[in-house]
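Colleague: I have some time this afternoon, and I would like to see how you back up your descriptions. Could you show me the structure and let me ask about the wording?

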Amino acid sequence: MVRVMARRRVRFTFPEQLITEPLIYNLGRKFEIVTNIRRANVQERVGWVVLELEGDEDEIERGLEWMIAAGVRVDPITGDLIEG
Amino acid sequence: MSNVKSLRCRECGSEYPVEPQYVCDFCFGPLEVCYDYDAVARDISRERITKGPLTMWRYHDLLPVDAEMALDMQTGFTPLVRAKNLGRLLGLNNLYIKNDSVNPTFSFKDRVVSVASAKALEFEFDTLACASTGNLAGSVSAHGAKAGMNTMVFFPSDLERGKILGAGIYGATLVAVDGTYDQVNRLCSELADNHRWAFVNINMRPFYSEGSKTLAYEVAEQLGWRAPDAVVVPGASGSLFTKIWKGLNELKDLSLIETAHTKMHIAQAEGCSPIVTAYDEDTPHVRPVTPDTIAKSLAIGNPADGFYSIKTIENSGGSAVAAPEEEVVEGIQLLAETEGIFTETAGGVVISGLRKLAKSGKIQPDDLTVAYITGNGLKTQEVVEPVVDPVFTTPAYEDFMTNMAARKERNGASHG
Ligand SMILES: Cc1ncc(COP(=O)(O)O)c(C=O)c1O
Ligand SMILES: [Zn+2]
């Protein structure tokens with residue numbers, strides 16, 4: 001099998017009830033993904049983390065789907081690109 | 001030569017050469033154009049600007065493009081109209097409308113695309129692209145045509161027909177993506193990483209957003225070289241809002257105006273108001289939302305400049321205001337019926353927001369106030385169709401008189 005290694009820069013936004021969960025740690029354990037945090041802000045009501053994911057393209061996709069299913073919002077680091 | 005010195009990260013301050021790069025390699029923060037203001041100060045003066053063309057390019061000293069390279073479609077220097085009728089209704093004695101709906105493709109986006117497309121040519125891209133819900137697509141398509149570039153515009157496939165048409169007519173390749181806004185976003189950011197295409201709002205964004213500053217310069221010049229006391233600006237990503245503030249402060253730092261004391265008010269539609277929510281909750285951290293609003297041109301749930309918008313509000317003593325969804329059309333009607341200006345939903349949001357700000361006293365009766373009208377009503381006709389109601393009659397004189405009388409009675413009854 002050809003492994004396509006990829007890097008993906010994303011922003012995770014955590015709702016209040018997930019802020020205290022070790023989701024990024026679990027993402028790196030459950031999937032073969034290296035997580036590299038660059039910037040973060042966590043407060044009482046909301047938290048976000050900007051990070052780079054490195055791994056197999058499909059593995060990253062699966063990992064992100066798992067994060068989304070857990071209730072985390074995943075966005076490109078640029079924010080929304082669509083403009084009026 | 002342009003006066004640009006470097007690109008600089010807005011988060012960590014790292015500097016980069018002037019290239020089509022838009023995020024910082026260290027912290028992934030957004031990059032911004034940085035000027036050699038000493039060089040600008042040596043050249044610029046009110047006289048020099050006044051002698052320039054009657055377009056946004058009269059301010060080329062403060063734009064990141066060499067003047068000769070400008071892709072000029074005669075964008076900008078749009079009317080600043082004294083709005084006495086609307087002012088009287090809202091209790092504002094010094095109200096002006098900056099009517100930016102009369103640009104070549106009928107929105108302020110021509111300002112940003114004008115800069116981005118010139119820069120794309122300078123960087124020798126042959127493809128101009130964007131992800132859009134309408135106004136941007138139209139502008140990118142027109143500029144791509146003028147520049148002789150290959151043009152690709154991406155949008156969610158459920159977009160209104162009128163907006164698709166307004167882009168397609170210029171010969172652009174239209175890509176209707178069968179998916180949500182989020183998915184179009186994702187696709188375009190991947191494309192920007194993997195193809196040498198100039199996405200005006202992705203890899204050209206640092207340059208693109210500078211074009212919005214001209215909306216500050218023009219208003220200051222048109223007011224006789226002074227900053228307004230208050231402005232109301234529509235907000236989606238928050239880029240326009242923060243750049244108007246940057247523009248005013250540049251003019252002050254260059255002594256072209258005395259003070260930049262303007263209170264910056266941003267207006268969003270209630271159904272997509274993440275910046276207003278953060279302002280109300282007194283936090284600079286803007287929580288993404290899923291948009292559900294009539295104002296589609298402002299439907300950005302995760303605003304890239306949300307954080308900086310809150311900072312702009314703080315630094316200027318302004319505020320953020322949400323227009324109730326059911327008042328957006330009212331705002332459109334109000335502006336049309338008092339000042340004869342037909343704006344799209346984003347303008348309805350501004351006028352409705354302005355009314356709230358005047359009522360609450362956040363804008364005072366004697367404040368020199370400017371409301372920015374950034375898009376044209378002909379693009380969102382669907383939303384106003386129900387309020388347009390002709391009198392039907394045969395060509396016979398008597399019939400006309402009868403039908404007119406019936407209409408008067410009906411109107412009278414509805415007012416009673
Ligand atoms: C008509 C109109 N006004 C205002 C905006 C707001 O732009 P920004 O994303 O810079 O906040 C947009 C764009 O998306 C628009 O189309
Ligand atoms: Zn940085």
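This is a predicted model: local features need pLDDT of at least 70, side-chain atom pairs count only at pLDDT 80 or more; totals for chains, interfaces and linings use all residues.

Colleague: Let's start with chain A. What makes up its secondary structure?

Modeller: Chain A has two helices and four strands, and along the sequence they come in the order β-α-β-β-α-β. The C-alpha atoms fill a box of roughly 45 × 35 × 25 Å along the principal axes.

Colleague: How do you know whether the radius of gyration of chain A agrees or disagrees with that of a compact globule?

Modeller: For 84 residues, a compact globule would have a radius of gyration near 12 Å, and chain A has 13 Å, so the value agrees. Buried residues make up 31% of the 84. Of the contacts in chain A with a separation of 6 or more, 63% are between residues 24 or more positions apart.

Colleague: And why is chain B called as compact as a globular protein of its length?

Modeller: First, the inventory: chain B comes to 16 helices and 13 strands. Its radius of gyration is 22 Å, close to the 22 Å that the globule rule gives for 416 residues, so chain B is as compact as a globular protein of that length. The C-alpha trace of chain B spans about 75 × 50 × 45 Å along its principal axes. In chain B, 55% of the 416 residues count as buried, and 68% of the contacts between residues at least 6 apart in sequence join residues at least 24 apart.

Colleague: Which residues and elements bring the two chains together?

Modeller: The contact takes 19 residues from chain A and 34 residues from chain B. On the side of chain A, the elements that give two or more residues are β1 (5-15), β2 (33-42), β3 (46-56) and β4 (73-76). By class, that side of chain A has six nonpolar, six polar and seven charged residues.

Colleague: Now the helices of chain B. Why are α13(B) and α14(B) called roughly perpendicular?

Modeller: The axes of α13(B) (residues 328-339) and α14(B) (residues 345-360) come within 7 Å and cross at roughly 85 degrees. The range for that term is 65 to 115 degrees, and α13(B) and α14(B) are therefore roughly perpendicular to each other. Among the residues that meet are V328(B), I332(B) and L335(B) in α13(B), and G348(B), V349(B) and I351(B) in α14(B). By class, this contact has seven nonpolar, five polar and one charged residues.

Colleague: What makes α10(B) oblique to α12(B)?

Modeller: Helix α10(B) (residues 239-253) and helix α12(B) (residues 306-316) pack at an angle of about 40 degrees, with their axes 9 Å apart. Angles under 35 degrees would count as roughly parallel, and the perpendicular range begins at 65. That makes α10(B) oblique to α12(B). The crossing is left-handed. F241(B), T242(B) and W245(B) of α10(B) make the contact with Y308(B), S309(B), T312(B) and S316(B) of α12(B). The classes here are three nonpolar, four polar and no charged residues.

Terms used:
Residues are numbered from 1 along each chain as its sequence is written. Chains are lettered from A and ligands numbered from 1 in the order in which they are written. Axes are lines fitted to C-alpha atoms, for helices over the stretch in contact, and angles run from 0 to 180 degrees between N-to-C directions. Angles under 35 degrees count as roughly parallel, over 145 as roughly antiparallel, 65 to 115 as roughly perpendicular and the rest as oblique. A crossing is left-handed if the near helix is turned anticlockwise from the far one by less than a right angle, and right-handed if clockwise. Two residues are in contact if their C-beta atoms, placed from the backbone, lie within 7 Å. Ala, Val, Leu, Ile, Met, Phe, Trp, Tyr, Cys and Pro count as nonpolar, Asp, Glu, Lys and Arg as charged, and the others, Gly among them, as polar. The radius of gyration is taken over C-alpha atoms; the globule rule is 2.2 Å times the number of residues to the power 0.38. A residue is buried if 20 or more other C-beta atoms lie within 10 Å of its own, exposed if 12 or fewer, and partly exposed in between; C-beta atoms are placed from the backbone.
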